[in-house]
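Open your viewer and get ready to pick out residues one stop at a time. Could you walk me through what to select and what is there?

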Amino acid sequence: MGLFILRRLGIMILTALCLTFIVFWLTNLTPNLEKLAKTQGNARMSDEAVVSWLDNRGYSQALPVKYGQWLGVLPGYVIEGADGEVRARCQEPGQPLEDASTFCGILQGDWGFSTVFKEDVSGIVATRLGLTGKLMFWVMMVMVPGALIIGVLAGMREGSRTDRSLSTVSIISTATPEYVSGVILIAALATKAFIDWDTIPFKGTATSAMDDATFENFFLPVITIALYGMGYIARMTRASMTEVMTAQYIRTARLKGVSFPKIVLKHALRNALIAPFTVIMLQFPWLLNGVVIVETLFNYKGFGWVLVQAAGNNDIELLLGVSIVSVFVVLITQLISDIGYVFLNPRIRIS
Amino acid sequence: MEALTWTGSLGTILNPALAILVSLLAVAIVAQIVLGFFAPAMTLQSNPDGTLQARGGALGMAETGVKYLFLATLAVVIAYIVIPLVMPYGWAGIIGEMSKRFLPVWVSLIALFVISSVYKRKLGLYGKLFDSMVGMIGFGLVMFWVFTAFYVGFFDMIITHDYLSQVSGLKNKTPGVPVPEGTEGVIPHYLLGGDNLARDIFSRMVTGSVFVIAIAPLATIFAFMVGITLGLPAGFYGGKLDTVLSFIANLILAFPVILLFYLLVTPEIVETGIPSYMAAFLFVFPLIFFGVLLNSRYYTQPAKRNAIMIPVLGILGWLYLSVINQKGTVINFLPEWLDLFDISILVVFVSVVFVNAPTVFRIVRGLTLDLRTRDYVAAAQTRGEGAWYIMLWEILPNARGPLIVDFCLRIGYTTILLGTLGFFGLGLSSESPDWGSTINEGRKLLLIFVHPALPPAVALLSLVLGLNLLADGLREESLKD
């Protein structure tokens, strides 16, 4: 078990390095850097001015060197620019050059500085992640119990009418991407277009939910994300439940005369929930997608919204910070799902 | 000209009927679900007179009630579509006029369903689809949009106005608004109203189907070619090749899709030519696939092989060069008379294929791992067949069931991805009528005007739902074998 986790961790770190290097390479392509120089410096800079602006700030070094500096395994640059000013990567604003540390990268906890928000990346990522965490918590609270109940009810009597109608509901929910269900839900529940509400029950934006989340302003974004994931988890639960219900020990229990609700709750449920557990964990990467769409749609300024802002404005260091976090979220959930699967399933655990 | 109402004169009779039926149906369904929890499981029981036992009591009544109420509701809905076809213009309201615009689609759908049902026993898996209700509904929804795209794309038939022309005074006007005198167009109304640039929403919605129907299946086919060509050897040989390919596939899958889109689909990246190189790499796989497929089968008869392979590879190669060769990008070497077409949205196409290919790879690899232990593979190996012959002519045909089902699901997923790209305004011009872009345009004023965003949203939902139901029906029918 220990060796298994170690090997998985090794692969995970290798994957994370590869992915961040790809993001680093794509954001540091020449046209992107030129755009950065023009937005940061002067929009009407000449080509030579752009080159010297990039030279002075260490952007013209070789890609692996830049990546190493960003990671914190190579010493940060100290460059005397063409304009005579000496700039160092690790120099804080107002700090004398001699006091600046040699290494400053992700490993040292220095995530860089966002050019759009004019703030430290680590601070932005932390606050926005907190906001998204709040959203995700409520999504999980709605999605997981809802999906498990639908899946178990559908799977306990395969082929029954309940099964067929609940399966159709879950197919509909997987076929509705967030930008469709969000638009339809807003139109139906947050405007007077379909139903002439006396008071409109829900708000179409979640901006106020950032400080003070209430049922009124937080229900629609939560249910929009939850709906898309719910169908998939419910179908997996149903499949696993139908498989368990045909097992020998369930038949034995029925022949002994155990009542049907007792069979479902005491004998079948535990084994039927192993597969959905891994599926729920693997849903996180998809949820991340949903979060970006829903936060844009409902104007909730969380992590997904920052991703859009950073990518849209080519804010290199912020985008890198955001990608690291999202890549790690994906990889860690994969790891937990693998370990959890082994842990929950006695047949694998013992062998 | 007066504004159209939703149902026109038809509504006076049909609307109350529909309302009553739907509320009764809802009551019956709820009753059935609640009663279903307490009822014992139904078992078949034959009576002495040779009939089968139906479920009696309250639940039995609820079940029969649901069935007949559903059929009655369906009949009313069909009446909304059929009756307007014989009514003069404007009498049947917006829904009636839309139904008239879709007349060629209805005719084609009916013809297709009638012909397919008659010959369903001779049509293999496709014919079996007509035994499953879910599969038929899904297939109907999908073919509705396929026919719509066909008639709009080739004959300009269903659209009522030019999807780009702006008519002053119709900005954000509600559905059924009359257009000013002298405006070009087939009918004197905007059926679904005007958007925030005063363009006809109905025409934009149906034109958007052309984009989706043209791109989504094609991109999925390319993703399948890549996934199959790499997944078969990875599963068949295993070892180092499998480790490396699986690592790369997992690498791409660990990327959040939206981040990848934002990194790939920007004007700056297009300038560097990365999408063109990716296109050159990804689109070569169909060539490899068909080359290996034909060669592994016919290499013992060189004359026959050459006769088949040279024309096939020649045409594919020409298509390949025309696709990757584009004016204004890094790959631009073909003389103009050789270049068949320019795809302006190559970058969208490439990124969608790129995102889909690793999942297909994983599925094919898993299936191959399972199938390579079968007896027919051992038999082929004993006969001395080559590895590629076994992979492409023994394993692949036997993996077709799950692959066809996944193909349908994946077209739906690709449609969702294309919508996502449009929703974030990536790679497509803001004028583009595709559904994602129009939803994005419409959502900005959603709290004031809901009508611009809803038609494309419902259209996208119905197509993806159709594909999902179709996949479900296919899965059910293929499992029956």
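Start by showing chain B against chain A: their contact takes in 44 residues of chain B and 53 residues of chain A. Keep in mind as you look that this is a predicted model. About 4,500 Å² is buried between the two chains, and carbon and sulfur atoms give 79% of that area. To see where chain B loses the most area to chain A, select Leu259(B), Glu268(B) and Leu447(B), which together make up 12% of what that side buries.

Next, colour the chain B side of the contact by helix. The elements giving two or more residues to this side include helix 1 (11–38), helix 9 (257–264), helix 10 (267–272) and helix 17 (400–423) of chain B. Helix 19 of chain B gives the most, with 10 residues. If you then colour by residue class, this side of chain B divides into 31 nonpolar, 7 polar and 6 charged residues.

Now for the charged pairs. The interface of chain B and chain A holds 2 salt bridges, and 4 residue pairs are in polar contact across it.

- Select Glu268(B) and Lys35(A): their side chains form a salt bridge, at 3.7 Å from N to O.
- Select Asp472(B) and Arg235(A): here too the side chains meet in a salt bridge, at 3.1 Å from N to O. This pair runs from helix 19 (residues 454–479) of chain B to helix 8 (residues 215–245) of chain A.

Is Asp472(B) buried or exposed? Asp472(B) counts as buried because its relative accessibility is 17%, under the 20% cut-off.

Select Asp242(B) and Arg365(B), a salt bridge whose closest N and O atoms are 2.6 Å apart. These two residues are 123 residues apart and link distant parts of the chain, with Asp242(B) in helix 8 (residues 239–254) and Arg365(B) in helix 14 (residues 346–371) of chain B. Asp242(B) is buried at 11% relative accessibility, whereas Arg365(B) is partly exposed at 23%.

For the last stop, select Asp195(B), Arg199(B), Arg204(B) and Glu431(B), which salt bridges with shared partners join into one network. Within it, zoom in on Asp195(B) and Arg204(B), where the closest N and O atoms of the salt bridge are 3.7 Å apart. Asp195(B) is buried, with a relative accessible area of 7%, and Arg204(B) is buried as well, at 2%.

Terms used:
Residues numbered from 1 in each chain as written. Chains lettered and ligands numbered in written order. Predicted model: local features only at pLDDT ≥ 70, side-chain atom pairs only at ≥ 80, totals over all residues. Heavy atoms only, no water. Salt bridge = Lys/Arg side-chain N within 4 Å of Asp/Glu carboxyl O. Helix = DSSP H or I, 4+ residues; strand = E, 2+ residues; numbered from the N terminus. Buried < 20%, exposed > 50% of the residue type's maximum accessible area, 1.4 Å probe, protein only. Contact = heavy atoms within 4.5 Å. Buried area = accessible area lost by both parts, 1.4 Å probe. Polar contact = N/O pair within 3.5 Å; in protein donor to acceptor, adjacent residues only side chain to side chain. Nonpolar A, V, L, I, M, F, W, Y, C, P; charged D, E, K, R; others polar.
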